[in-house]
Structure formats: C-alpha cells, structure tokens
Amino acid sequence: MAFPVTYLSEEKSLDMFCYQCSQTARGTGCTVRGVCGKEPTVARLQDNLIFTMKGIAAYSYHCRELGKSDPEVDAFIAKGLYATLTNVNFDADDFVAMALEAGRINIKAMRMLKNAHIERYGEPTPVQVPNGTKKGKAIIATGHSLKALEELLKQTEGTGINVYTHSELLPAHGYPMLRQYKSLAGNIGKAWFDQKTLFAEINAAIVGTSNCVLLPKDSYKDRMFTVGVAGLPGVKKVHGYDFSPVIEMARSLPDLPGHIDGQVTTGFGASTVLGIAPKILDLVKQGKISHFFLVGGCDAPLKKSEYYSEFVEKLPKDSIVLTLACGKYRFNHLDLGSIEGVPRLIDVGQCNDSIVALDIAAALADALNMGVNDLPLTLHVSWMEQKAVAILWSLLAAGVKNIQLGPILPAWVNQDILNVLVKEYGISLMGNPEEDISSAIRN
C-alpha cells in the first residue's frame, strides 16, 4: 500500500520532531523542508510502533515476574526499537508491516502471560465480587500484576487486614488460587482514573503494581507505595515483594467503617465459556441469540467515553456482551440478565485477556463452520494507551476486520493512516450508539 506524502510544512498545527533532520516543526512547519522532505505519516507510524512495543514489553514484564520469557518476543522489541531510531527507516509501508508483525508478537506475549497465570493460579471461573469495604484495616492494590497481589495476599493472610482490588486487578478474583486467601475481601472503585478521588476518600494503605498509577494527592501520598517497575515521586518503594511496610501502614490507620455497594461478576475463562458453547450454538441456531458484541479496551475520563454506557444499555436483549480491560467499568454494574442461563455480560478479564476473546471467537467460528469475520460478532474497542495499540494490531494481524474504534481516535492516527485502516482493514469510527448498533447487526 502506498501512503501519500504530506510534508511537515503542510501540517500547520503539527508540533513534531523530524527524525530525518533532527529538527522540531513548530507552527509554521519544518524549517529545513528542502533538506529532508520528512513527512509526518512516517513519524506517526514510528510512534505507533513504539506504543505497540510498550504494550508488548508490559506483558513480557509480567511474564518475567512469573519466570516466563520468550526469545522471539525479546528479539522483536530490539528490532522494533532499532527501526524507530534516527536515519534507519523512513518507509511508511515498512512500518505498517512491522506493526502487523508486532501484533503477532503481542499475541504470543499475551498467550504466554495467560498460560503463566493459569499455571500458577488455576483457570478462572465466574465469581461475584462485593464492591466496597468491610469493617477493618485495609490495603488497596491497583494495577495489573497478579504476582504482586499474590505476594501481598500471602503476607496479609491471618493479619486481619482486608485486601481490595482496584481497576485491572478485579479479574484476580476469578483465579481459584488467589480466591483461597481470606484476606482478599473485595473490589473498590472502577477504572484507573478514579484514583485521586477514591484513594483520598478511603483511609487505607495503597499499592501501585504497574502502569495506570497516577501522581498522588498529598492527602494520601504518605500511605501509598509502589512495587516493581512502578514508581511515583515522594512515594515509598516496596523492594523484593516485601510488603511489611505496607502492612505496618495499614495497621496504623483507623478501621474502615464498612460499606458494600452491590457486586460485580468476573472470571469467565475460556474453558468456562467454551464449556457452554454447545448451548450457545443451539441458542444461535434457534435465533434466541442474535449477535455477540465485544465491548472493551481502555477507558478515559472524558465525556465521549460515556458512549459505552449508552451503547450497552441500548443493545438488543437477545445479544451477548463479551468485555475485558477497564472499559468494562462503564457498564459492568448493569444487570443485563441472561438468555436461558447464558449470561448476557461475560467479563473475560484484563486487557491481556484479549487472547481469551480471540480463542472464544475462533472456537465459535469452527463450531459454526465459518470464518471469524463471518460470525455475528462485532468488536467495539475503546481507546487510551499503549497496550490498546498492541491489541488493535494483534486483532488486525489475526485477520479480524470491521472493528469499530473510538469514540476517541489514537493520537498517532492522521487522515492518511485512517484512510488505510478503513480501506485495508475495515476499521470504522463509532459515534452514535443507536446507529452503530444498527450497522453492526445489519452487517
């Protein structure tokens, strides 16, 4: 595929570093256009590759926490980083090909991490998790690291301290080996961006285990800790998974009064969903299940992101919603009911559990003797950060088409790139819930 060339000086609003001439274009455009002729599409595709590799590196890091690694994954990160260096590669089509390769590598990293989680903690099974606090001392764990949570649960067992998950650690409740710890008390809050309000209100010790930690307010900075690669200025660091300072902090704080505000369901592993696949297929054949919607991804604290609440609320009652990552917090409190015992809302886990959704789709396609793109399935992907970029390219690398993306576009996408995504991969943009639902069902 050939990209049109748009010189930096033609994008008046662009403020971007020129990889070719090592100058920065500000306002009036590239000051040395005649020297290099560098155009922004390549720079944006380079940024896209860097974002994708950040996502792969995050999953690879969590694999290494559990003693797993893969030389092909490591080799690609080196290759991809080298490709984005100054004076190495300025071909747009090369970067699209490399992004697809990155998507394939990310599938490998996600599968490695999923297998590592199952090997250590068991296959997830559905569980209803109380949302809120019990009376007593408390620690909140936020982020993605199941390894860090496991070590925290081990060290708090028998202490009387309650441990609560937040955001992307909610799916931890689905793993049998983590559920065995009595100190795992429930879940608090919703997506990552409620931290500053939530953590200020709940007088607990806090542990940030991965990305999606925010700079803390002074009101709770002294009772917050980070572990592993996570770090915040003025916040104490846990070394070697020794959570004794966190436990000491929790003990020094007053008991929480206790307040449970309903419950949420998580923990649908591939084996659970595929275990009821014959029933699902029968309901599809009878016309009692009309469509599957995968609705998930990264949430954002923006008005536009309310789209997903409205979208799920307006879905036909004979449709099934698969969800994952923190995007689910826009609607996972809703009671969507079931279709003859099959839950209408199926939370398969963290963002890395996109591999579970792919496996489920592939199994349903095989059972119905059709391709994945022929299934009555539409993917509605919300956008925010690097792992979402990696997952998008994984879906494209797996041959999945007709993904609805939005309602916020990735920052690296310009019109030239969007045109290619639409033409070559069937990407469409979301905007109006009712129109998007009608379009999905019609197609």
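1. The model is a predicted one, and the points below should be read with that in mind. Helix α3, residues 71-83, packs with helix α4, residues 92-121, at an angle of about 155°, the two axes lying 10 Å apart. An angle over 145° counts as roughly antiparallel, and that makes α3 roughly antiparallel to α4. The crossing in which α3 passes α4 is left-handed.

2. On the α3 side, the contact with α4 is made by E72, V73, F76, K79, G80 and A83. On the α4 side, the residues that take part are F95, M98, E101, A102, R104, I105, K108 and A109. Sorted by class, this contact of α3 with α4 comprises eight nonpolar residues, one polar residue and five charged residues.

3. Helix α4 also packs with helix α14, residues 386-397, the axes coming within 7 Å and crossing at roughly 100°. Angles of 65 to 115 degrees count as roughly perpendicular, and α4 and α14 are therefore roughly perpendicular to each other. From α4, the residues V96, A99, L100, G103, R104, N106, I107 and M110 meet A390, I391, W393, S394, L396 and A397 of α14. The contact of α4 with α14 has ten nonpolar, three polar and one charged residues.

4. Turning to charged pairs, side chains of opposite charge can pair when their charged atoms come close. The structure holds 20 salt bridges, and one of them joins D359 to R111, with the closest N and O atoms 2.9 Å apart. This pair links distant parts of the chain, since D359 is in helix α13 (residues 354-367) and R111 is in helix α4, 248 residues apart. D359 counts as partly exposed at 28% relative accessibility, and R111 likewise counts as partly exposed, at 34%.

5. Which residue does K288 meet in a salt bridge? The partner is E340, and the N to O distance between the two side chains is 2.6 Å. K288 lies in the loop between α11 (277-285) and β11 (291-297), while E340 lies in the loop between β13 (338-339) and β14 (342-343), so the pair ties together parts that are 52 residues apart in sequence. K288 is partly exposed at 35% relative accessibility, and E340 is partly exposed with a relative accessible area of 44%.

6. Are D347 and K328 buried or exposed? Both residues are buried, and their side chains meet in a salt bridge with an N to O distance of 3.6 Å. D347 belongs to strand β15 (residues 345-349), whereas K328 sits in the loop between β12 (319-324) and β13, so that the pair links distant parts of the chain, 19 residues apart.

7. Leaving aside residues up to four places away in sequence, Y220 touches Q195, K196, F199, A200, I206 and L215. Between Y220 and A363 the separation is 143 residues in sequence and 46 Å in space, taken from C-alpha to C-alpha.

How values were computed. Residues numbered from 1 in each chain as written. Predicted model: local features only at pLDDT ≥ 70, side-chain atom pairs only at ≥ 80, totals over all residues. Heavy atoms only, no water. Axes fitted to C-alpha atoms, helices over the stretch in contact; angles between N-to-C directions. Helix = DSSP H or I, 4+ residues; strand = E, 2+ residues; numbered from the N terminus. Parallel < 35°, antiparallel > 145°, perpendicular 65-115°, else oblique. Left-handed = near helix turned anticlockwise from the far one by under 90°. Contact = heavy atoms within 4.5 Å. Nonpolar A, V, L, I, M, F, W, Y, C, P; charged D, E, K, R; others polar. Salt bridge = Lys/Arg side-chain N within 4 Å of Asp/Glu carboxyl O. Buried < 20%, exposed > 50% of the residue type's maximum accessible area, 1.4 Å probe, protein only.
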